[in-house]
Amino acid sequence: MDKILILDFGGQYTQLIARRIRDLNVYSEIVDYDISIEEIIKKNPKGIILSGGYDSVYGDRSIKPNKGIWDLNIPILGICYGFQVMMQENGGQVENDKDSEEYGSTDIRLTTNELFENIELDNNCWMSHSDSVIFLPKGFKVIASTNKCLVTSACNREKKFYGVQFHPEVTQTTFGNQLLQNFVYSICDVAGDWEPKNIKLEKIEEIKSIVKDDYVLCAISGGVDSLVAAVLTAQAIGDKLYCVFVDHGLLRKNESQEVCALLKKLIGKNIFLVDQKQLFLSKLKGVVDPEQKRKIIGKTFIEVFEKVANKINVPFKYLLQGTIYPDIVESGSKFSKTIKSHHNVGGLPERLQFELLEPLKYLFKDEVRKLGLSLDIPYQNVYRQPFPGPGLAVRVLGEITEDKLEIVREADFLFRSYIDQLYKNSEHKPWQYFTVLTNSKSVGVVGDNRSYGYTLALRAVDSMDAMSAKWYKIPLEHLEKISSIICNKVKNISRVVYDITNKPPGTIEWE
Ligand code: XMP
């Protein structure tokens, strides 16, 4: 399979570059900027992309690729910082030039070039730079300019080196996709054989060849990643896969039954459903601190999982995990500043001594979803909204009791059903929507009587990746209807409020 390597210089859009290339049906992989030449040769890419970065190429601490990269005879595209590195390392000059700084949408004039094939020459691109190339290396020529920046793009056709100061990977550069397509197809001559649904067979073969005659254990949470990993692995090794699903009693309405029914249908054998609701509730009794709740749930999950694994009495060699590519890039990158702390119940201790089996580790979330569909996992499971590992425990503020769980579960079900129905035919529905049972009570009136029930919060947000989120503007008349349905149908709720906090400063979950 043809491959494009992306050297990561720490720019905020590196993952986006990888995404865009894969959208062109070309496999792409992000590697550290200082990857050794031997490693590159081993990976045998058809092309290399140098990502953006946040520093200046002339600073004391500036980062550079290994010098041998320029002699590999592989086409290279430098983007922003990557372009400046290419220029400087080949004999050009980059300087901070206040007059040529550009941020945001910028008019650009392209010249006829294979990189700009099928692109209008008078165009618009997305800029974000204070440094500029002021002197070209030998063998390079300017192929695009803006009013402020003469060397906006340059190339050395003989070496197949191309560079752009702007960002083709962001949607604001409307011709960006075409440019990347020109680079990978016309210049790197890739076959374009990457298709997530086609990798099903390849992955199945890969799992077979790793596992051989050994046994694999998997903790299923009901989330998309572990589900896809399990169904895929089951298709590869059949009944050598054992799945454990721990019901901690903190799931949504009907969720455990639905997940179990699905596992039975798609995997069939060796599924262990462990009902530990009472154990979790007893451990959480009296606990009000959110972090404490999370820790107790994580620890109890591991204890239960370990016990079940031992009871099964099979010599497991592998632990199957639904790790996906962003998890790896975020935790493995030299620039991982904005890591989301993972608080999944699947984080198992090292003493379990399994080898990890991670068949999805080079896939992005939407690729995992496509693969899931090709494995016949139903659409609603593949596209289900995120749900935290500690479940409803972080949506019941204060002490968790069975009664409170029941209230939030019922209200959540009504709210979700309403939203699902409301946005059924719409392209754009909230990314995540749920209810939170606050710990405060307020006075209400039911018939002629005074009531004194809980305040329930509705939360609906729009987000791409949960790193930031905007509160969702559900029309007021629908908020009114939802409020009325919940107050009428769920006992012990006397007030419904709507959360209008963005992230930041708030978080999506309340605890
Ligand atoms: P926050 O509340 O940090 O949530 O803005 C960001 C996203 O992560 C989900 N979330 C979790 N997911 N285990 C998970 O698997 C957890 O402990 C957890 N806590 C929050 C949350 O629902 C949102 O989508």
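This is a predicted model: local features need pLDDT of at least 70, side-chain atom pairs count only at pLDDT 80 or more; totals for chains, interfaces and linings use all residues.
Which strand is Ser451 found in?

Okay, hi everyone. The protein has 511 residues, and 55% of them are buried. Its secondary structure comes to 14 helices and 20 strands. If you follow the C-alpha trace along the principal axes, the protein spans about 85 × 60 × 45 Å. One more overall number: take the contacts with a separation of 6 or more, and 75% of them come from residues 24 or more positions apart.

You'll find Ser451 in strand S18, which covers residues 449-462. Buried or exposed, then, for Ser451? Its relative accessible area is 18% and the cut-off for buried is under 20%, so Ser451 counts as buried. Skipping the neighbours within four places in sequence, Ser451 touches Ser442, Val443, Gly444, Val445, Val446 and Ser494.

Next, another strand: S12, residues 215-220. Five of its six residues are buried, so S12 is largely enclosed by the rest of the structure. And who are its partners? S12 runs parallel to S13, with five bridges joining the two. One of the residues involved is Ala219, whose bridge partner in S13 is Val244. S12 also pairs with strand S15, residues 316-320, again in the parallel sense, over four bridges. There, Tyr215 has Phe316 as its bridge partner in S15.

Now helices. Look at H8, residues 277-284, where the buried residues are Phe280, Leu281 and Leu284. They cover an arc of only 100 degrees around the axis, so they sit on the same side of H8. What covers them? Among the covering elements are strand S13, helix H9 and helix H13. And just after H8 comes Gly286, with a positive phi of about 80 degrees.

Over to helix H11, residues 365-374, which is where Lys370 sits. Lys370 has a relative accessible area of 38%, which means partly exposed. Lys370 and Val228 are 142 residues apart in sequence, but their C-alpha atoms are 9.9 Å apart in space.

Tyr379 belongs to helix H12, residues 379-382, and with a relative accessible area of 53% it is exposed.

Last topic: charges. How many salt bridges does a search of the whole structure find? The search turns up 30. Let me show you a few.

Glu511 and Lys293 form one, with the closest N and O atoms 2.9 Å apart. Glu511 is in the segment after strand S20 and Lys293 is in helix H9, so this pair ties together parts that are 218 residues apart in sequence. Both Glu511 and Lys293 are buried.

Then there's Glu29 with Lys3, at 3.9 Å, N to O. Glu29 is in strand S2 and Lys3 is in strand S1, so here the linked parts are 26 residues apart in sequence. Glu29 and Lys3 are both buried as well.

Glu89 also forms a salt bridge, with Lys64. Glu89 lies in helix H3 and Lys64 in the loop between strands S3 and S4, so that pair joins parts 25 residues apart in sequence. Lys64 is partly exposed, at 25% relative accessible area.

And to finish, a whole network: salt bridges link Arg19, Arg22, Asp23, Asp366 and Glu367. That's it from me, thanks!

Conventions:
Residues are numbered from 1 along each chain as its sequence is written. Side-chain values use heavy atoms; hydrogens and water are left out. Buried means under 20% relative accessible area, exposed over 50%, partly exposed in between (1.4 Å probe, protein chains only). The arc is that of the directions from the helix axis to the C-beta atoms. Contact means heavy atoms within 4.5 Å. Two strands pair if DSSP finds at least two bridges between them. A salt bridge is a side-chain nitrogen of Lys or Arg within 4 Å of a carboxyl oxygen of Asp or Glu.
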